[in-house]
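Work through the exercises below with the model open. Each task is followed by a stepwise solution.

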Amino acid sequence: MSMGLLVDTTRCIGCGACSSACKEQNKLPGPVEEVTTAYTWTTVQPREGVNVRRLCMHCEVPTCVSVCPVGALQKTPEGPVVYDAKKCMGCRYCMMACPFDVPKYQWDRPVPVVGKCIMCTSRVKEGKPTACAEACPVEATVFGKRDDLIWEARTRLRKEPEKYVNHVYGLTEAGGTSVLMVSSVPFDKLGLKSNLPSEPPAMRTWQVLSNIPDFVGVWAVFLYGVHWITARREVVAKVEHHGNGRNGQGGRS
């Protein structure tokens, strides 16, 4: 069963508890930054009199997954789009392909990896809510089954039409996402893209790739990927062992 988050900007008080909980849960260094970076996976931004969270939207059909040539990004059955640094070869295709401009790169490290919200996948697998949802004191972020969250979002819009924009953001954008939003302010004024197609961009990616001769893709991945993956695995393992010792050194993208 696919899980997700419902974010209600009319309830958010901008306390930042979600961002702090994310930092603690994922052992991310440095203070919470004003924008999402490789070290700040979710942040709260004041826009047009409301507060809006920025984080990975966890697309139902993720474009980042479709363009990754080595499977470093995967969509789990539970909903989160997760990232494996040991597989990553640093091509940054995910950054270019994401319709929400989410993945960020650690430009300040000798062996950088991608940083983005993974929707507390370990907690979700254990049946627990995400750290951000658990920390929210006013339930501006709610965790649950995506279908239930869609019902809840539509119910709020139906009961208080004067309070909300008549749209659930993430219901159809880019083919649908596991993070849904409702708001009293038009979503484009919150800095969210409002012109995204309802068809998953990943479908176009697969259509293009299907027309490329198999040997081109295979050899490109093999020759370029094997070297990088084998070299990075050992180094990334060392960085993961010692890297969390970075005290307050966050890289802004």
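**Exercise 1.** Find the salt bridge partner of R156 and decide whether each side of the pair is buried or exposed.

*Solution.* 
- Step 1. In this predicted model, R156 pairs with D8, and the closest N and O atoms are 2.8 Å apart.
- Step 2. R156 sits in helix 6 and D8 in strand 1, 148 residues apart, so the pair links distant parts of the chain.
- Step 3. Apply the cut-off: buried means under 20% relative accessible area. R156 has 9%, so R156 is buried. D8 has 0%, so D8 is buried too.
- Step 4. Widen the view. D8, R11, E152 and R156 are linked in a network of salt bridges.

**Exercise 2.** Describe helix 6 by its span and its packing.

*Solution.* 
- Step 1. Helix 6 covers residues 146-159, which is 14 residues.
- Step 2. From first C-alpha to last, helix 6 reaches 20 Å, close to the 20 Å expected at 1.5 Å a residue.
- Step 3. List its buried residues: R146, L149, I150, A153, T155, R156 and L157.
- Step 4. Recall the helix geometry. An α-helix has 3.6 residues a turn, so residues three or four places apart point the same way.
- Step 5. Find the partners. The buried residues of helix 6 pack against strand 1, strand 8 (141-145) and strand 9.

**Exercise 3.** Classify the residues of two further salt bridges, E60 with K75 and R123 with E134.

*Solution.* 
- Step 1. The closest N and O atoms of E60 and K75 are 3.6 Å apart. E60 lies in the loop between strand 3 and helix 2 (63-67), and K75 in strand 4.
- Step 2. E60 has a relative accessible area of 28%, so E60 is partly exposed. K75, at 23%, is partly exposed as well.
- Step 3. For R123 and E134 the closest N and O atoms are 3.0 Å apart. R123 belongs to helix 4 and E134 to helix 5, 11 residues apart.
- Step 4. R123 counts as buried at 12%, whereas E134 counts as exposed at 54%.
- Step 5. The model has 9 salt bridges in total.

Methods
Residues are numbered from 1 along each chain as its sequence is written. This is a predicted model: local features need pLDDT of at least 70, side-chain atom pairs count only at pLDDT 80 or more; totals for chains, interfaces and linings use all residues. Side-chain values use heavy atoms; hydrogens and water are left out. Helices (H or I, at least four residues) and strands (E, at least two) are DSSP runs, numbered from the N terminus. The expected span of a helix is 1.5 Å times one less than its number of residues. Buried means under 20% relative accessible area, exposed over 50%, partly exposed in between (1.4 Å probe, protein chains only). Contact means heavy atoms within 4.5 Å. A salt bridge is a side-chain nitrogen of Lys or Arg within 4 Å of a carboxyl oxygen of Asp or Glu.
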